[in-house]
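Morning, everyone. Please look at the screen, and I'll walk you through one protein.

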Amino acid sequence: DGNEVCPRKLIRFWHASKYVLYLDDIEKQLPTTISIAERYYMMGFFLEKNFFVAEAYHFYQQAIQMNPTEDRYTRTLNEFKKMIKRP
């Protein structure tokens, strides 16, 4: 119909139970000595790198809620928002 299409043409459909297992696997790899806010931040990072954009956004927001004074979390979320708004 003449509309521009994303060149990646990628949509992932995951069963909820498989997604939960995926999250558990990521969490198991995180250091146990880090704060809860840092765990949320790292989960967001790994999800973003694996194209789970909406889920990453949620985890970045959680990191900021847990530690609103951490500038790195705020900067990352702001850059993330800019990235996902690109045409």
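How many helices and how many strands does the protein have? Four helices and zero strands. Here helices are DSSP runs of H or I with at least four residues, strands are E runs of at least two, and both are numbered from the N terminus. Along the sequence, the pattern reads α-α-α-α.

A word on the source. This is a predicted model, where local features need pLDDT of at least 70, side-chain atom pairs count only at pLDDT 80 or more, and totals for chains, interfaces and linings use all residues. Residues are numbered from 1 along each chain as its sequence is written, and side-chain values use heavy atoms, with hydrogens and water left out.

Now helix α2, residues 36-49. Which of its residues are buried? Ala 37, Glu 38, Tyr 41, Met 43, Gly 44, Leu 47 and Glu 48. Buried means under 20% relative accessible area, with a 1.4 Å probe and protein chains only. Their cover includes α1 (16-29), α3 (53-66) and α4 (71-84). Just after α2, Phe 51 has a positive phi of about 70°.

Take Met 43. Leaving aside residues up to four places away in sequence, Met 43 touches Leu 23, Ile 26, Glu 27, Leu 30 and Phe 59. Contact means heavy atoms within 4.5 Å.

Last, the largest nonpolar core, with 18 residues. Such a core is a set of buried Ala, Val, Leu, Ile, Met, Phe, Trp, Tyr and Cys residues joined through side-chain atoms within 4.5 Å. Leu 23, Met 43, Leu 47, Tyr 60 and Tyr 73 touch the most other members. Each of α1, α2, α3 and α4 supplies at least two residues. The most come from α3, with five.

How values were computed:
Expected span 1.5 Å × (residues − 1). Buried < 20%, exposed > 50% of the residue type's maximum accessible area, 1.4 Å probe, protein only.
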